[in-house]
Amino acid sequence: IDPSAQLVAPLMIGAGSKIGANARVGEKSVLGEGCVVGEGAQVSHSILWNGAKVGAGSHLYRSIVGYDV
């Protein structure tokens, strides 16, 4: 987890997940194991299954991202 990333509870982050610089992972989100949230991306009220990837600058709200997508 990059030191500049913002984490807002409640949330769960699985083992081995990576969160890039200036990313925001927010309330009511669940990241499975090995997820990647790119630089500047925003995730809230969402579920990312194991291995899911969110590209840099993306915004996810009320989303479900499947395995290794």
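In this predicted model, alanine 41 is in contact with Ala23, Arg24, Val54, Gly55, Gly57 and Ser58, leaving aside neighbours within four places in sequence. Alanine 41 sits in the loop between β6 (36-37) and β7 (42-44). Although it belongs to a loop, alanine 41 has a relative accessible area of 0% and therefore counts as buried, the cut-off being under 20%.

Not counting residues up to four places away in sequence, valine 43 touches Arg24, Val25, Gly26, Ser29, Val37, Leu48, Val54 and Leu60. Val43 is also a member of the largest nonpolar core, which has 14 residues. Within this core, Ile19, Leu31, Val37, Val43, Leu48, Val54 and Leu60 touch the most other members. In soluble globular proteins, nonpolar side chains tend to be buried together.

Most residues other than glycine have a negative phi, and most peptide bonds are trans. Lysine 28, however, has a positive phi near 55°, and lies in the loop between β4 (24-25) and β5 (29-31). Arginine 62 likewise has a positive phi, of about 50°, and is found in the loop between β10 (59-61) and β11 (64-65). Lysine 28 counts as exposed because its relative accessibility is 58%, and arginine 62 counts as exposed at 64%. Finally, the peptide bond joining alanine 9 and proline 10 is cis, with omega about 0°; proline 10 is placed in the loop between β1 (6-7) and β2 (11-13).

How values were computed
Residues are numbered from 1 along each chain as its sequence is written. This is a predicted model: local features need pLDDT of at least 70, side-chain atom pairs count only at pLDDT 80 or more; totals for chains, interfaces and linings use all residues. Side-chain values use heavy atoms; hydrogens and water are left out. A nonpolar core is a set of buried Ala, Val, Leu, Ile, Met, Phe, Trp, Tyr and Cys residues joined through side-chain atoms within 4.5 Å. Buried means under 20% relative accessible area, exposed over 50%, partly exposed in between (1.4 Å probe, protein chains only). Contact means heavy atoms within 4.5 Å. Helices (H or I, at least four residues) and strands (E, at least two) are DSSP runs, numbered from the N terminus.
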